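Please keep the sequence and the structure in view while working through the numbered points.

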Amino acid sequence: MKKHPDALLVSLAVLALLAVAPAITIAQTGETNQIENAFDTADAVSVIVWLNDDEHTSPAYQGDAGLKRTAIRERQDDVLAMLQPNDVTLRYRYAMTNGFAGTVSREGYAKLSGDPRVAQVVMDRRIYQSL
């Protein structure tokens, strides 16, 4: 029987993803709880909205930078168009990363988190490095 080293690598990669998947789900659930809890004391919450990628908006795409910027901007425009002015206050649009930052109302958060074009909504906060 001939051994296939590529099959071993694929198997190891799948096992690694399966090991990490529960941690990603827990992190996203925790993030959702933090945002929802923040609405208990505030009318709006600062968030970063990450959008789902396509072939031109993906971080792996290293082709035409202008095409990438245009594709990201169009995707941002599509998602922002479905929101009302009181749903979101846009603070920053990323040019080379598929997302934007701003403050959202509870209604805006509900719309964004339920939108299939949105990969994740996370709280915008300082993160400190520790060893």
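1. Surface. The protein chain exposes about 9000 Å², of which carbon and sulfur atoms supply 58%. Accessible areas here come from the Shrake-Rupley method with a 1.4 Å probe, and for residues only the protein chains shown count as cover.

2. Basis of the values. This is a predicted model, in which local features need pLDDT of at least 70 and side-chain atom pairs count only at pLDDT 80 or more, while totals for chains, interfaces and linings use all residues. Residues are numbered from 1 along each chain as its sequence is written, and side-chain values use heavy atoms, with hydrogens and water left out.

3. Overall fold. The protein chain contains 3 helices and 4 strands, arranged along the sequence in the pattern α-β-α-β-β-α-β. Helices (H or I, at least four residues) and strands (E, at least two) are DSSP runs, numbered from the N terminus.

4. Of the 131 residues in the protein chain, 26% are buried; buried means under 20% relative accessible area, exposed means over 50%, and partly exposed lies in between (1.4 Å probe, protein chains only). Among contacts (heavy atoms within 4.5 Å) with a separation of 6 or more, 62% join residues 24 or more positions apart.

5. Salt bridges in general. How many salt bridges does the model have? The count comes to 6, where a salt bridge is a side-chain nitrogen of Lys or Arg within 4 Å of a carboxyl oxygen of Asp or Glu.

6. R73 and D77 form a salt bridge, their closest N and O atoms being 4.0 Å apart. Both residues lie in helix 2 (residues 65-81), 4 residues apart, about one turn of the helix. R73 is partly exposed at 44% relative accessible area, and D77 is partly exposed at 34%. A network of salt bridges links R73, D77 and R93.

7. A pair across the sequence. D87 and K111 form a salt bridge with the closest N and O atoms 2.6 Å apart. D87 lies in the loop between helix 2 and strand 2 (88-93) and K111 in helix 3 (residues 106-113), so this pair ties together parts that are 24 residues apart in sequence. D87 is buried, at 3% relative accessible area, whereas K111 is partly exposed, at 31%.

8. A further pair. The side chains of R117 and D115 meet in a salt bridge at 2.7 Å, N to O.
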